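Dear colleague,

I am handing over the structure below, together with an account of what was found in it. Please keep the structure open while you read the notes that follow.

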Amino acid sequence: MLIITIKQGKEKSLLSGDPWIYLSAVERVDGKPQERNKPGATAIVQSSSRQFLARAAYNAKSQVAARIWTLREDEPVDHAMMKRRVHAAVDGRIEALRGADPQALVQLVDGDRDGLPGLLAHSYGGAGGYLVCQFNGAGVDLWKVPIVQALVKATGCPNVYERADELVRKAEGLPITRRVLAGDEPPQRLMVREGGRLLPMDIRTGFTYPR
């Protein structure tokens, strides 16, 4: 397990709810080199006086050195956490999903707000349609498989596609990947409702075609 010690006084923003720890706030990182070099590895965050503060996903390649998973010392970062958080996020938006226009892109997961830092997930076409996910943080990227499994189970949608925000993933030191994670790939062109209008869009990239 990695241990991140942050500089004196830098714990204030974390304890007030800031989910990110910037590289400039880190005093040192202790742990095996292979763990320190693995983007998204789980780390214990402690204050300069060695008090437990959080568990976080560490990324030595990013200016955001760590993204908080939990402030609870008794809450492990594991498959069960990913499942709980995905299901909680989807359950909180299930009514919006059920009442949505099937041609609308409905957000199911909103990163830090849902305790899944860097993950964005949208649904198109309901249970018979497609889920489009962006893994914009090293932690959720590392836990991609259980997250996708939980999304499929929570929504009943078998088709999951990974969309890449190239600038964000480069800043995180992550490879640019655009691919099918489960089921079938979305068609290149679908009609998507935005602001009351139907627009031809490639939901794999967000590109809107001229009409």
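**Surface and overall form**

The protein exposes about 10,400 Å², of which carbon and sulfur atoms supply 51%; accessible areas come from the Shrake-Rupley method with a 1.4 Å probe, and for residues only the protein chains shown count as cover. This is a predicted model, in which local features need pLDDT of at least 70 and side-chain atom pairs count only at pLDDT 80 or more, while totals for chains, interfaces and linings use all residues. Residues are numbered from 1 along each chain as its sequence is written, and side-chain values use heavy atoms, with hydrogens and water left out.

Of the 211 residues of the protein, 48% count as buried (buried means under 20% relative accessible area, exposed over 50%, and partly exposed in between, with a 1.4 Å probe and protein chains only). Along its principal axes, the C-alpha trace spans about 60 × 30 × 30 Å.

The protein has 7 helices and 14 strands (helices, H or I of at least four residues, and strands, E of at least two, are DSSP runs numbered from the N terminus). Among contacts between residues at least 6 apart in sequence, 48% join residues at least 24 apart; contact means heavy atoms within 4.5 Å.

**The annotated domain and its hairpins**

The UniProt record, an unreviewed entry, places the feature "domain: PUA" at residues 2-91. UniProt positions are given in the numbering used here, feature names are shortened, and annotations may be inferred rather than shown by experiment. Over residues 2-91 the chain is 24% helix and 37% strand, and the end C-alpha atoms are 33 Å apart.

Strand β5 (residues 52-58) is mostly covered, with 6 of its 7 residues buried. Strand β4 (residues 41-46) runs antiparallel to β5 and is joined to it by 6 bridges; two strands pair if DSSP finds at least two bridges between them. Within this pairing, Gln46 has Phe52 in β5 as its bridge partner. The hairpin of β4 and β5 has 5 residues between the strands. Arg50 lies in that loop, and its phi is near 70 degrees, a positive value in a residue other than glycine. Because its relative accessibility is 43%, Arg50 counts as partly exposed.

β5 also pairs with strand β6 (residues 64-70), in the antiparallel sense and over 4 bridges. Here Tyr58 stands opposite Ala66 in β6, and the hairpin of β5 and β6 has 5 residues between the strands.

**The nonpolar cores**

Which residues have the most contacts inside the largest nonpolar core? They are Trp69, Met82, Val109, Leu116, Leu119, Ile147 and Leu151, in a core of 29 residues. A nonpolar core is a set of buried Ala, Val, Leu, Ile, Met, Phe, Trp, Tyr and Cys residues joined through side-chain atoms within 4.5 Å. The elements that give two or more residues to this core are α3 (79-92), α4 (94-98), β7 (105-110), β8 (119-124), β9 (130-135) and α6 (144-155). Apart from this core lies another, of 18 residues, among them Ile21, Val26, Ala41 and Leu53.

Not counting residues up to four places away in sequence, Leu151 touches Val86, Val90, Val109, Ala121, Leu131, Cys133 and Gly156.

**Two buried residues**

Asn136 is found in the loop between β9 and α5 (138-142). At 10% relative accessibility, Asn136 counts as buried. Leaving aside neighbours within four places in sequence, Asn136 is in contact with residues including Arg67, Asp165, Arg169 and Glu172.

Tyr161 is found in strand β10 (residues 160-162) and is buried, with a relative accessible area of 6%. Beyond four places in sequence, Tyr161 touches Leu131, Val132 and Cys133, among others.

**The three-stranded sheet**

An open sheet of 3 strands has the order β12-β13-β14, with antiparallel pairing. Its edge strands, β12 (190-194) and β14 (207-208), each pair on one side only. Strand β13 (residues 197-202) pairs with β14 over 2 bridges, and Phe207 in β14 is the bridge partner of Asp202.

Yours sincerely,
A colleague
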